[in-house]
Amino acid sequence: MTSYKIAVIGGTGPQGKGLAYRFARAGHTVVLGSRSAERAEQAATEILRRAGDTAPVSGVDNATAAESADVVLLAVPYDGHAALVESLRPRLAGKTLVSCVNPLGFDRRGPYGLDVPDGSAAEEAQRIVPEARLVGAFHHLSAPSLWNQAGLLDHEDVLVCGDDTEAKAVVVELARAVTGRPGVDAGALRLARQLEPLTAVLISVNKRYKVRSGIRVAGLGPKE
Ligand SMILES: NC(=O)c1ccc[n+]([C@@H]2O[C@H](COP(=O)([O-])OP(=O)(O)OC[C@H]3O[C@@H](n4cnc5c(N)ncnc54)[C@H](OP(=O)(O)O)[C@@H]3O)[C@@H](O)[C@H]2O)c1
């Protein structure tokens, strides 16, 4: 398995920390990013405690993290996303930039997908940094499962979308760290318009049935 150096922007939040933990456990080198290097260091310590002290995890500010890695994961809220991506633009040229950002709203009737001017958060990031190789993935994994479940989340699939074939192939492989299988190539980046708001459906199901639901694609056959 190829081992990558992965920067997790917003790595102090539950989703970034959960994915970082899975990547570190699978042998990837992880650099957590935050607006505060101190918070990133604290989150790195939490992951080290959980993954084992020898796991290759460190914490720095977002810009240093993005600069240091070839694969950069955006794990920040949609609110503030555009400004953050803009601020990191000089560090992201040529990099595989993965977005798990779900632009969601919540009201009395529950969760729903927000109307995003660019179509999706992933396409917004691509517009802001045309030099980056955008990939959408990891939208449907729940942070508590990533952090708490002992084994692989092998009952779930990771759907991956993107227009850059090589970058998408990297992320399809990275999905192994979470599910034990390659991710599912779902198609072009514009399909993030469908993948991101689908999370609202999962959250709604979770509330209704008191579960942590996920996505598994039927009909692919025994891939591995
Ligand atoms: N939570 C889940 O189960 C889940 C599942 C699938 C996808 N996602 C998606 O993953 C992303 C992260 O989710 P989360 O629950 O981890 O989010 P979160 O806790 O709200 O935010 C993650 C981190 O982003 C940073 N941040 C917050 N506001 C920011 C701003 N305006 N500008 C720059 N950085 C900011 C914070 O880090 P610092 O203060 O340390 O900078 C925070 O710890 C979201 O887009 C969410 O839709 C979440």
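A salt bridge here is a side-chain nitrogen of Lys or Arg within 4 Å of a carboxyl oxygen of Asp or Glu. By that cut-off, Arg127 and Asp118 make one at 2.7 Å, N to O, and the structure holds eleven salt bridges.

Okay, ground rules. This is a predicted model, with local features needing pLDDT of at least 70 and side-chain atom pairs counting only at pLDDT 80 or more, while totals for chains, interfaces and linings use all residues. Numbering starts from 1 along each chain as its sequence is written, and side-chain values use heavy atoms, with hydrogens and water left out.

Staying with salt bridges: Arg89 and Glu131 meet at 2.4 Å, N to O. That pair links distant parts of the chain, with Arg89 in helix H4 and Glu131 in the loop between helix H5 (121-128) and S8, 42 residues apart. Helices (H or I, at least four residues) and strands (E, at least two) are DSSP runs, numbered from the N terminus. How exposed are Arg89 and Glu131? Arg89 is partly exposed at 31% relative accessible area, and Glu131 is partly exposed at 33%. For us, buried is under 20%, exposed is over 50% and partly exposed is in between, with a 1.4 Å probe and protein chains only.

Now the sheet. Eight strands form an open sheet with mixed pairing, in the order S3-S2-S1-S4-S5-S8-S9-S10. The edges are S3 (57-61) and S10 (184-187), each pairing on one side only. Pairing requires that DSSP finds at least two bridges between two strands. S5 (residues 96-99) and S8 (residues 133-136) run parallel, joined by four bridges, and Thr96 has Arg133 as its bridge partner in S8. Arg133 also turns up in a salt-bridge network with Asp164 and Glu166, built from shared partners.

Then there's a hairpin: S6 and S7, with two residues between them. Four bridges join S6 (residues 104-107) to S7 (residues 110-113), and these strands run antiparallel.

Last up, rings. There are two aromatic pairs, where rings of Phe, Tyr and Trp (its six-membered ring) have centres within 6.5 Å. Planes under 30 degrees apart are stacked, over 60 edge-to-face, and the rest tilted. Phe23 and Phe138 are edge-to-face, 5.7 Å centre to centre with 70 degrees between planes, and both are buried.

And what lies over the face of Trp147? Lys17 does, at 5.5 Å from the ring centre, and the charged end of Arg50 sits over that ring too, 5.3 Å from its centre. The criterion is NZ of Lys or CZ of Arg within 6 Å of the ring centre and within 35 degrees of the ring normal.
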